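Hi,

Here is the structure I promised to pass on. Have a look at it first, then read my notes below.

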Amino acid sequence: MPETNETAQPETLVSVRDLSLDFDTLSGPLHALRNVTLALPKGRITGLVGESGCGKSTLAYSLIGLLPGNASIVGGEIAMDGLDLAHLRASEWRKLRGTRIAMIFQDPMTSLNPVTTVGQQMLDIQYRDRSSRAEKRAKAVEFLEQVQIPDPESKLDVYPHQLSGGMRQRVCIAMALLTQPDLLIADEPTTALDATLEMQIVDLLKELQGKFGCSVLFVSHHLGTVAELCDDVAVMYAGEVVERGTARQIFHDPAHPYTQALFECDPGRIREATRELPTIPGTLPDLRRPPRGCAFRARCPHAWPRCADEHPPLYLRDEGHDARCHLLDETEAVA
Ligand code: SF4
């Protein structure tokens, strides 16, 4: 786990405040994000964890303006340097995307164009740059070197299918960093890779973040990877952030029963031989009709009547660490 300064308050790059987002479905609006509040500090890596369907990717895509047509932001804001990203026009997004905010997607094979060479794709994304073709090509080689691709010059002339999965993801990382963004969003960038390649990519991301100093939002359901890479962690459940803190606080002192349950199910933490991997009983609630009280109530071993009636606020657990659970009620509510 990275060494972090637990007390100093880093400057914020992006501040998500009370963000709510609905998907329009045939059976009515699905409340995919519900009053999400999260700060992405400058120069740090924030991990976003939770089960599939809890809203991690929706939040990530809302930070880069790549939401599907049936999504609407129905409340809140995403503040970045005086801009509200939640309400930008398409033309304003085009100026930000690929300059100040970049993204690495889950599957490099589907995020690269299969019928265009790696080099051409790396030249194309420099379309705003007025330098010569030779200069852009040299920059592409430089960034392929940064991501430790051997013989980078020759790799400019190959097609994505001629590279291994790990090499393709390195190309995607090089392309995302080429414009030196302030915020790099990585949406499960290691899910399509095997365990060895996963660690290589995680080490590379860590090294490059240190070199370029950008903020990173790292979306993952792999807790071991998050512990290895991230400075801060936010845990999402049913479209809400239910716990926030530094990686050290979340991994050493998880306060929310959902976070605790996630850790109990993490194969990396199971110490005794077992034929069955543990799971969290039950399923996510139907977000077309979110429950009135705590969204985790039906699956929580500590639930009591108050949890059904009252929606828990974020209670302060420790400085910089809070969780949305009534068990922490003796502490101060922060939101
Ligand atoms: Fe469990 Fe109640 Fe806490 Fe929700 S508020 S996580 S149901 S104890």
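D182 and R100 join their side chains in a salt bridge, with 2.5 Å from N to O. (A salt bridge here is a side-chain nitrogen of Lys or Arg within 4 Å of a carboxyl oxygen of Asp or Glu.) The pair ties together distant parts of the chain: D182 sits in the loop between α7 and β7 (183-187), R100 in the loop between α2 (90-96) and β6, and they are 82 residues apart. Helices (H or I, at least four residues) and strands (E, at least two) are DSSP runs, numbered from the N terminus. In total, the structure has 20 salt bridges.

Before you go on: this is a predicted model, where local features need pLDDT of at least 70, side-chain atom pairs count only at pLDDT 80 or more, and totals for chains, interfaces and linings use all residues. Residues are numbered from 1 along each chain as its sequence is written, and side-chain values use heavy atoms, with hydrogens and water left out.

Now the pocket. On a 1 Å grid over the protein atoms alone, a cavity is a set of points where a 1.4 Å probe fits but cannot get out, while a pocket is an open set with protein on both sides within 12 Å along at least five of seven lines; lining residues have an atom within 4 Å of a point. Points are joined across faces, edges and corners, and a volume is the space filled by probe spheres set on them.

The largest pocket holds about 600 Å³. Of its 22 lining residues, G98, M103, F105, I125 and M175 lie nearest the centre. β6 (101-104), α4 (118-124) and α7 (165-178) each give at least two residues to this lining, and β6 has the largest share with 4.

The largest cavity, at about 80 Å³, is the space taken by the ligand (more than half of a molecule's atoms must lie within 2 Å of the grid points). Which residues surround the ligand? They are H256, P257, C294, R297, C300, H302, A303, C307, C325, H326 and L327, where near means a heavy atom within 4 Å. The largest cavity itself has 13 lining residues, with P257, C294, C300, C307 and C325 nearest its centre.

The second largest cavity has about 30 Å³ of space, and its lining includes Y237, H256 and C294.

Cheers
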